[in-house]
Amino acid sequence: MTSRPTAQAVLARLCDTPGDVVFGPAQAGEGNWVGAPSACLVDGAWWLAHRERVPEAQGRGRANVLSRSTDGATFDQVGEVSSADFGAASLERPRLVSLPDGGWRLYVSCSTPGSKHWWVESLDAPTVEGLAQGARTVVLAGDESQAWKDPVIWRAGAQWQMWVCRHPLDGGPAEADRMTSHHAVSDDGLRWTFTGGALVPTSGTWDSRGTRVTAAYDGGLFYDGRATAAENFHERTGLAAGRPPTAIAGPTPAGRTVRYLDLVRTSRGVRLFWESSRPDGSHDLRTTELEAR
């Protein structure tokens, strides 16, 4: 397989290109957001899970949508799971994973009604189309002091790896937007042991309010960051590396939301998927392919 572009080259592409729209919002304006993608390339077929959101007064994150493609750029919907399916006030970023037995798992980030609490639940099914009726497992329940959401999960041999976003709840609702990312391992992708690793904000910088890992790539971690609570939902993307991980590059330019980056290796290099802002305040899901040199 062709060698991959470097993580620094990926970040440079995010800074330089608007990408191509995969899915756009049904309506214009703030809160009409399509994005938070999770993509897979399995046996020549592309699979994509993403979140569709409407303004808060209309229900927030209404669904995680499942789609298929032959080229990684044009997708057709094959299913969806809704917030109502989980009794959730909202859904955020899903994670779609192919299982060793040929089945599929969708990790869903669910918001507890009337609370800043989130939990992560999974759905297992033989096919992507069948995930909405799949077997359910609560993976990360959270508690009164912390919310868990937006997991980045993959298998490394027999072991599963995860980076997941933690929101603290002990400071009250006004402080619950703060975020750090934490690492965990598992034998089955359902029961997790945290390793103590964390990506935390750096005081006085662009990511001082939050650091949410969105993709692991080429020995580094891409992550969403913001400096203030006002930048919630409008994060930019940076790059971290090392143990413990620390910021080494970025962020993407101010004035343009670039968040929830995902990456998939291709025969030519790597395909990027991310959520980006439009001038009217809405967000869409975009992609671009970066070829190795």
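User: How far is the sulfur of Cys110 from the closest cysteine sulfur?
Analyst: This is a predicted model, and in it the Cys110 sulfur sits 15 Å from the closest one, which belongs to Cys165. That's too far for a bond.

User: And how many disulfides are there in total?
Analyst: The count is zero. A pair would need its sulfur atoms within 2.5 Å. Cys165 is in no disulfide either, its nearest cysteine sulfur being that of Cys110, 15 Å away.

User: Are those two cysteines buried or exposed?
Analyst: Cys110 is buried, with a relative accessible area of 0%. Cys165 counts as buried too, at 1%.

User: OK, switching to charges. How many salt bridges does the whole structure have?
Analyst: A search of the whole structure turns up 24. One of them pairs Arg95 with Asp262, with the closest N and O atoms 3.4 Å apart.

User: Where do those two sit in the chain?
Analyst: Arg95 is in strand E7, residues 95–98, and Asp262 is in strand E19, residues 258–265. The two are 167 residues apart, so this pair links distant parts of the chain. Both Arg95 and Asp262 are buried.

User: What does Glu121 pair with?
Analyst: Glu121 makes a salt bridge with Arg136, and their closest N and O atoms are 2.7 Å apart.

User: Which of the two is buried, and which is partly exposed?
Analyst: Glu121 is the buried one, at 6% relative accessibility. Arg136 is partly exposed, with a relative accessible area of 44%.

User: What about Arg212, what's its partner?
Analyst: Asp224 is the partner, with 2.9 Å between the closest N and O atoms. This bridge runs from strand E15 (residues 210–217), which holds Arg212, to strand E16 (residues 220–226), which holds Asp224. They are 12 residues apart.

User: How accessible are Arg212 and Asp224?
Analyst: Arg212 has a relative accessible area of 3%, so it's buried. Asp224 is buried as well, at 0%.

User: Now Asp207. What's the nearest side chain of opposite charge there?
Analyst: That would be Arg236, 9.5 Å away. A salt bridge needs the atoms within 4 Å, so Asp207 has none, even though it's buried.

User: Which polar contacts does the Asp207 side chain make, then?
Analyst: Among them, the Asp207 side chain reaches the backbone nitrogen of Thr202 at 3.1 Å. A polar contact of 2.7 Å also joins it to the side chain of Thr205.

User: Where is Asp207, and what does it touch?
Analyst: Asp207 lies in the loop between strand E14 (192–199) and E15. Leaving out residues up to four places away in sequence, Asp207 touches Pro201, Thr202, Tyr223, Gly225, Arg226 and Ala247.

User: Last topic: helix H1. Which residues are buried there?
Analyst: H1 covers residues 7–16, and Ala7, Val10, Leu11 and Leu14 are buried in it.

User: Why do those buried residues line one face of the helix?
Analyst: Because, looking down the axis of H1, the buried residues fall within an arc of 95°.

Note on methods. Residues numbered from 1 in each chain as written. Predicted model: local features only at pLDDT ≥ 70, side-chain atom pairs only at ≥ 80, totals over all residues. Heavy atoms only, no water. Helix = DSSP H or I, 4+ residues; strand = E, 2+ residues; numbered from the N terminus. Buried < 20%, exposed > 50% of the residue type's maximum accessible area, 1.4 Å probe, protein only. Lys, Arg positive; Asp, Glu negative; His and termini not counted. Polar contact = N/O pair within 3.5 Å; in protein donor to acceptor, adjacent residues only side chain to side chain. Contact = heavy atoms within 4.5 Å. Arc of directions from axis to C-beta.
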